[in-house]
Structures are given as C-alpha cells and as structure tokens.
Amino acid sequence: MYPVLELAKYIVVKCINDRHPISNLQLQKILYYIQRYFLRETGNAAFSENIEAWPFGPVIPSVYYY
C-alpha cells in the first residue's frame with residue numbers, strides 16, 4: 001500500500017511539470033480510478049483511506065482537506 005497523501009502529491013507535481021495542472025476534483029477522481037485499478041488487477045488496495053461519495057464525485061477527505 002501507498003500513503004495516499006504521497007500519491008496525491010506525486011500526481012499534482014507530475015501534472016504541474018507536464019504543464020497540465022489539475023483541480024482538486026480531478027485529483028480525487030484520479031485517486032478513485034487508481035484504487036479501482038489496483039483492486040481489480042491485484043485484489044489489493046492501493047491505499048487504506050476510505051473513499052466517500054460526495055455530491056460532485058468520490059472524495060478522500062484527508063486529501064481534500066490537505
């Protein structure tokens with residue numbers, strides 16, 4: 001498993017370096033898709049934090065508030 005904040009920081013830095021900055025909403029969806037991929041392909045979670053259903057999509061609260 002990976003620390004979700006480290007994973008989120010990596011994604012944000014990668015997108016900024018590629019000159020495609022992302023919004024918090026986009027970051028949350030990317031993290032959701034990463035978790036889904038890991039669960040489908042390996043049967044294991046990529047990170048341990050829970051994903052919540054918020055009005056605009058999936059959210060990991062610790063990442064959202066960070």
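**View 1. What covers the buried residues of helix H1 includes helix H2 and helix H3 (61-65).** Helices here are DSSP runs of H or I with at least four residues, numbered from the N terminus, and covering is judged by contact, meaning heavy atoms within 4.5 Å. This is a predicted model, in which local features need pLDDT of at least 70 and side-chain atom pairs count only at pLDDT 80 or more, while totals for chains, interfaces and linings use all residues. Residues are numbered from 1 along each chain as its sequence is written, and side-chain values use heavy atoms, with hydrogens and water left out.

**View 2. The two faces of helix H1 carry buried and exposed residues.** In H1, the residues Val4, Leu7, Ala8, Ile11 and Cys15 are buried, where buried means under 20% relative accessible area, exposed over 50% and partly exposed in between, computed with a 1.4 Å probe on protein chains only. These residues lie on the same side of H1 because they cover an arc of only 100 degrees around the axis, the arc being that of the directions from the helix axis to the C-beta atoms. The face turned away from this buried side carries the exposed residues Tyr10 and Asn17.

**View 3. The largest nonpolar core has 11 residues.** Such a core is a set of buried Ala, Val, Leu, Ile, Met, Phe, Trp, Tyr and Cys residues joined through side-chain atoms within 4.5 Å. Leaving aside residues up to four places away in sequence, Leu31 touches Val4, Leu7, Ala8, Ile11, Phe47, Ile60 and Val63. In soluble globular proteins, nonpolar side chains tend to be buried together.

**View 4. Gln28 is found in helix H2.** At 2% relative accessibility, Gln28 counts as buried, and a polar atom of its side chain lies 2.7 Å from the backbone nitrogen of Ile60. Beyond residues up to four places away in sequence, Gln28 touches Pro58, Val59, Ile60, Val63 and Tyr64.

**View 5. Arg19 is found in the loop between helix H1 (4-17) and helix H2 (24-42).** Although Arg19 is not a glycine, it has a positive phi of about 60 degrees. Most residues other than glycine have a negative phi. Arg19 is also exposed, with a relative accessible area of 73%.

Terms used. A polar contact is a pair of N or O atoms within 3.5 Å; within protein, one must be able to donate a hydrogen and the other to accept it, and residues adjacent in sequence count only if both atoms are side-chain atoms.
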